[in-house]
Amino acid sequence: MKRFLLLAILSVAMSPALASAGDMGANILNQRCSTCHNLTGPAPQTIKDLWKRDAPDLFYAGNKFRRGWLVEWLQKPVRIRPAGVNYLRTINSTPKNLDPKKGQKYDVLWGSVLKPLQHLKLKKEEAEAVADALMELKPHDDLIAGMMLDKSQQVSLEKGEVLIDKVYGCFSCHQIEPGFGGYTGSELYTAGARLQPAFMLSYIKRPKNWDPKIWMPNGNVKPDDLEKIVNYLILLSKEDFNASN
Amino acid sequence: MRLTSMIFVTAALMLIATPALHAEEAYLNYKSYCMQCHGMHGQGDGVNVPAMNVRPRDHSDNKYMMTRTNTEIYKAIKFGGPAVNKSVKMPAWGDTFTEEEIHQLVGHIRTLCCEREIIRGVNFK
């Protein structure tokens, strides 16, 4: 009986603390994140709305991210998309004043994306609370239902690169090493650590389901190749890219 | 009399406004989806070019573009490069655009390369 009483007292004493931890995440999200991030959905439905987007949509964060990565990133935010979230604002046409024989012959990045990312930095406990709050946002469970990664379909880094570059051409927009690949997509070398496997399977299969106007095309990836690509991305994320730099 | 003139004015406005709206839509689509590789002015000099082993088509290259039919351009957009014996680096956009949007894009690409020919009334099929 005494034990029961003690437990009851403890649980009553603990519950406000738990509730406040939960509230802290939601409060930070609502007060500090919602000015730039869409936390309620839906995703942009027209091209004009898409260009108004200032930061990645977070309303399906719980379906998308790995919690551990979120906690780390929120403490040390770095840019994930080299051309920014909205590349119409960050691409400038081919510089005209350069000698075309010597100078660059293609469009260039300019503006804020050339500088380190300006993003709120959170303390560890804040990051934990915000990550918990984000992981609760799961409106798209239907899109990842039945998406189970087949871990038997492993590929080597070389074969994975062939899929990404030669077979499906993802490399034109996405980087598979820092500075190696296109600029307009998100970096792929951290994707395996950043994203849930089920999300990667679902998103690559049909990006439009998640983001109706997004500029990532449906690559019509064959089911076997889809599994291989996601296994490759997970393998790739375990590489230490700082070692070679 | 007033009603007839109103109807006439509305019809005339629609005739002018509809193609203009389509043109704006196609321009926005081109800017949003094609520009990253084909460049801000469609000259095959997009920001992603350094990462590509195949140079994207220069849509302002009149000499080459004159040899392509509208059907071929349509196929390249809808089904991707391999559908017209070109590189896989040109993805299939059939799931992104509607039929109408693809036709509008073909029209937009023609304005980049072949404006004079369009004015002359050349039929690109």
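The expected span of a helix is taken as 1.5 Å times one less than its number of residues, helices (H or I, at least four residues) and strands (E, at least two) being DSSP runs numbered from the N terminus. By this rule the twelve residues of α5(A) should span 16 Å, and the end C-alpha atoms of α5(A) are 16 Å apart, which agrees. The structure is a predicted model, in which local features need pLDDT of at least 70 and side-chain atom pairs count only at pLDDT 80 or more, while totals for chains, interfaces and linings use all residues. Residues are numbered from 1 along each chain as its sequence is written, with chains lettered from A and ligands numbered from 1 in the order in which they are written.

The secondary structure of chain A comprises eleven helices and four strands. The average pLDDT (the predictor's confidence in each residue, from 0 to 100) is 88 for chain A, and 86% of the residues score at least 70. Over residues 6-19 of chain A, pLDDT stays under 50, and the model has zero contacts beyond four places in sequence for this segment; two residues are in contact if their C-beta atoms, placed from the backbone, lie within 7 Å. Of the contacts in chain A with a separation of 6 or more, 67% are between residues 24 or more positions apart.

The domain assignment of chain A, with bounds from an automatic or database source, gives domain 1 (22-77 + 120-139) and domain 2 (140-245). Their C-alpha centres lie 21 Å apart. Contacts between the two involve 14 residues of domain 1 and twelve residues of domain 2. On the domain 1 side, α2 (47-51) and α3 (61-64) of chain A each give two or more residues.

A nonpolar core is a set of buried Ala, Val, Leu, Ile, Met, Phe, Trp, Tyr and Cys residues joined through C-beta atoms within 7 Å. The largest such core has 67 residues, and those touching the most other members are A:Val130, A:Leu134, A:Met200, A:Ile204, A:Ile229, A:Leu233 and B:Leu105. Two or more residues come from each of several elements, among them α5 (124-135), α9 (197-205) and α10 (223-237) of chain A and α1 (2-38) of chain B. Domains 1 and 2 of chain A both contribute residues, so this core lies between them.

Within α5(A), the buried residues include A:Val130 and A:Leu134. In α10(A), A:Ile229 and A:Leu233 are among the buried residues, whose cover includes α7 (157-167), β3 (175-177), α8 (191-194) and α9 of chain A. Beyond its neighbours within four places in sequence, A:Ile204 is in contact with A:Gly219, A:Val221, A:Leu226 and A:Ile229.

Between the chains, 29 residues of chain A are in contact with 25 residues of chain B. In chain B, B:Met35 is found in helix α1 and counts as buried, with 23 C-beta neighbours inside 10 Å. B:Met35 touches B:Tyr30, B:Met40 and B:Gly46, residues up to four places away in sequence not being counted. The C-alpha atoms of B:Met35 and B:Gly46, eleven residues apart in sequence, are 6.1 Å apart in space.

Notes
A residue is buried if 20 or more other C-beta atoms lie within 10 Å of its own, exposed if 12 or fewer, and partly exposed in between; C-beta atoms are placed from the backbone.
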